[in-house]
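Hi everyone, thanks for making the time. I'd like to walk you through one model today, so please have the viewer open.

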Amino acid sequence: VEGGVAAETRQTLENIETVLAAAGLGIENVVKCTVFLADISDYAAVNAVYVTYFEGMDPPARSAVAGSGLALGARVEIECIAAFPPGV
């Protein structure tokens, strides 16, 4: 994704929303995220975008770790675990 780490974060979260929708879920069903950063100094820029996707709700648990060699030269990867509501 062109446009820096903020644009990459936005696209990553849009992709997550697409996958969740295909399963009949939404971002509100996410219970845990792990954010992988190629450079931990990008944390603030990533977080500024990340929090906008969870506005107005209790945010999921989250971990953020720095690591080198993310897939395809990415600067950010986000792994999410989502759960169906009880009774579904």
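I'll go from the overall fold to a helix, then to a few single residues.

First, the ground rules. This is a predicted model, so local features need pLDDT of at least 70 and side-chain atom pairs count only at pLDDT 80 or more, while totals for chains, interfaces and linings use all residues. Residues are numbered from 1 along each chain as its sequence is written, and side-chain values use heavy atoms, with hydrogens and water left out.

Now the fold. The chain has two helices and three strands, where helices (H or I, at least four residues) and strands (E, at least two) are DSSP runs, numbered from the N terminus. Reading along the sequence, you get α-β-α-β-β. The radius of gyration is 13 Å, close to the 12 Å that the globule rule gives for 88 residues, so the chain is as compact as a globular protein of that length. For the record, that radius is taken over C-alpha atoms, and the globule rule is 2.2 Å times the number of residues to the power 0.38. Along the principal axes, the C-alpha trace spans about 40 × 20 × 20 Å.

How much of the chain is buried? Of the 88 residues, 33% count as buried. Buried means under 20% relative accessible area, exposed means over 50%, and partly exposed is in between, with a 1.4 Å probe and protein chains only. The accessible surface comes to about 5,200 Å², and 56% of that belongs to carbon and sulfur atoms. Those areas come from the Shrake-Rupley method with a 1.4 Å probe, and for residues only the protein chains shown count as cover.

On contacts, meaning heavy atoms within 4.5 Å: among those in the chain with a separation of 6 or more, 81% come from residues 24 or more positions apart.

Let's zoom in on helix α2, residues 43–50. Its buried residues are V46, N47, V49 and Y50. They cover an arc of only 160° around the axis, which puts them on the same side of α2; the arc is that of the directions from the helix axis to the C-beta atoms. And what covers them? The cover includes α1 (5–22), β1 (30–37), β2 (61–66) and β3 (76–82).

You can see the α1 side of this by clicking on T9, which sits in helix α1. T9 is buried, at 0% relative accessibility. Leaving aside neighbours within four places in sequence, T9 is in contact with V46, V49, Y50, V76 and I78.

T12 is also in helix α1, and it counts as buried at 16% relative accessibility. Beyond its neighbours within four places in sequence, T12 is in contact with V76 and I78. T12 and E77 are 65 residues apart in sequence, yet 7.1 Å apart in space, C-alpha to C-alpha.

Next, charges. Side chains of opposite charge can pair when their charged atoms come close. How many salt bridges does the model have? The count is one, taking a salt bridge as a side-chain nitrogen of Lys or Arg within 4 Å of a carboxyl oxygen of Asp or Glu. R75 pairs with D42, and their closest N and O atoms are 2.3 Å apart. R75 lies in the loop between β2 and β3 and D42 in the loop between β1 and α2, so the pair ties together parts that are 33 residues apart in sequence. R75 is partly exposed at 31% relative accessibility, whereas D42 is buried at 11%. With neighbours within four places set aside, D42 is in contact with V5 and R75.

Cysteines, quickly. A disulfide is a pair of cysteine sulfur atoms within 2.5 Å, and the count here is zero. C33 is buried at 0% relative accessible area, while C80 is partly exposed at 26%.

Last, two loop residues. G56, in the loop between α2 and β2, is exposed at 88% relative accessible area. G56 and G67 are 11 residues apart in sequence and 30 Å apart in space, C-alpha to C-alpha.

Then there's L72, in the loop between β2 and β3 and exposed at 92%. Most residues other than glycine have a negative phi, but phi of L72 is near 55°, a positive value.

That's my tour; happy to take questions.
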